[in-house]
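Visitor: I'm new here and would like a tour of this structure. Could you show it to me first?

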Amino acid sequence: MSTASCDSAITYIDGDKGILRYRGYPIEQLADHSTYLETCYLLLNGELPNRAELTEFRGIIQEHTMLHEALRGFYKGFRHDAHPMAIMVGVVGALSAFYPDASDVHNPRVQEIAAHRLIAKMPTIAAWSYKYANGQPFIYPRNDLSYTENFLHMMFAVPTKDSRPDPLHVKALDLILILHADHEQNASTSTVRLTGSSEANPFAATSAGIASLWGPAHGGANEAVIRMLEEITESGNLKKYVDKAKDKNDRFRLMGFGHRIYKNFDPRAKIIRKMCHDLLQSLGDESTPLFDTALELEKIALEDEYFVERKLYPNVDYYSGIILRRLGIPLDMFTVIFALARTVGWISHWKEMMSDPTARIGRPRQLYTGSKERDYIPIEKR
Ligand code: ACO
């Protein structure tokens, strides 16, 4: 809470001014002009690629999109109703068993390949977790599709029908991936760093990051927002939920509101709110009850003294769920998509830490609040 946990040259945030930059580039500019894959290159390597570098990077990522066939068998070990995040934690951790060379964590070439493997395989792992839950056959990656198009293809294609994702869907999802790609030392990234600081391999560290992201106070918020907006829309009683959020005796919070760092506004929320509006319009949605509820709830909250005083504004996940829902992505895949997007951030931080010769094992201290020294009491005397 009161000091920096590390030095980092990847992402800059000024929470009071609502600034977010990846490697110095404002998020607004990347959202307007970049693609997710180009942003991955930027985060990993520190510079935007030229055309040749981007083509080469795209080719490398495409080479690694398939999973080892033995990894397919892992999915069968899960119950049919397993949360896809549970599958993600397991399968990404299991990659360690397939690439034991990744344990040579200080070797720059090993770091690079591990980063490429993770970025490339995450869409396949994620899409297959959905296919497994649905009882549909796994769809293999296709190298003639863009990164994001390929993910949507593996999610929604079936062997009996040749289909290609809607370009509007691809564009919207690509933007969501860019906006979630990194966010400096958040809970999951700090978890990846702490795990990696013991020189654990990058797949184990990433799996720890996924576990940390899962909770509703972090990446799980996008799923929780939709559940909340649906409940509110159904009840038609916005005020009741605002009052519940303000009630100190009620653990309910307005999901998608508030942020540890942004105390002005979350710049990603502004971008995503506009994208949500544009997408719904382009897709010709006449009635958008969830979006209408979201706008109304935002308006009420932003005028309410409780939220104003505490500087609580919509965060990135307030609107992202509405977009994902419109793309036909089921609720329990929302956090998986966040994990997919954040993988490049996690692995860039891991790589930065492993390349730092002064890095040491992470070892937070504590304030001890327990008993003073006391003598052991035999069980018959307790
Ligand atoms: N609804 C109602 N009240 C809230 C909310 C909310 N969403 N968020 C914070 N508050 C209140 C707290 O009760 C507290 O009030 P108090 O001072 O009277 O005790 C005050 O605002 C400060 O809140 P903290 O919990 O101290 O803020 P913190 O920085 O620890 O938490 C967090 C940030 C976890 C994001 C929080 O705002 C929250 O739970 N939001 C909802 C979940 C969410 O949207 N998470 C996504 C985060 S962004 C991301 O991971 C992509």
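**A walk around the pockets**

Guide: Let's start with the second largest pocket, which 17 residues line, with Ala31, Asp32, Lys171, Leu175 and Met275 lying nearest its centre. On a 1 Å grid over the protein atoms alone, a pocket is an open set of points with protein on both sides within 12 Å along at least five of seven lines, a cavity is a set where a 1.4 Å probe fits but cannot get out, and lining residues have an atom within 4 Å of a point. Keep in mind that this is a predicted model: local features need pLDDT of at least 70, side-chain atom pairs count only at pLDDT 80 or more, and totals for chains, interfaces and linings use all residues. Residues are numbered from 1 along each chain as its sequence is written, and side-chain values use heavy atoms, with hydrogens and water left out.

Visitor: Which elements give two or more residues to the lining of the second largest pocket?
Guide: Elements here are DSSP runs numbered from the N terminus, with helices (H or I) of at least four residues and strands (E) of at least two. The ones giving two or more residues to this lining are helix H1 (27-33), helix H8 (167-179) and helix H13 (267-282).

Visitor: What volume does the largest cavity have?
Guide: The structure holds 1 cavity of 30 Å³ or more. Its lining includes Leu37, Arg58 and Tyr147, and the largest share, 3 residues, comes from helix H3. A volume is the space filled by probe spheres set on the grid points, which are joined across faces, edges and corners. For the largest cavity that comes to about 80 Å³.

Visitor: How far is a polar side-chain atom of Arg260 from an oxygen atom of the ligand?
Guide: A polar contact is a pair of N or O atoms within 3.5 Å (within protein, one must be able to donate a hydrogen and the other to accept it, and residues adjacent in sequence count only if both atoms are side-chain atoms). Lys248 has a polar side-chain atom 3.1 Å from a ligand oxygen, while a polar backbone atom of Phe257 is 2.9 Å from a ligand nitrogen. For the side chain of Arg260 and a ligand oxygen, the distance is 2.7 Å.

Visitor: Is Arg193 buried or exposed?
Guide: Arg193 sits in helix H9 (residues 187-196), and its side chain makes a polar contact with that of Gln185 at 3.2 Å. Buried means under 20% relative accessible area, exposed over 50%, and partly exposed in between (1.4 Å probe, protein chains only). Arg193 has 8% relative accessibility, so it counts as buried.

Visitor: And Arg164, buried or exposed?
Guide: Arg164 is in the loop between helix H7 (147-156) and H8. With 52% relative accessibility, Arg164 counts as exposed.

Visitor: What is the phi of Arg23?
Guide: Most residues other than glycine have a negative phi. Arg23, in the loop between strand E2 (19-22) and strand E3 (25-26), is not a glycine, yet its phi is positive, at about 50°.
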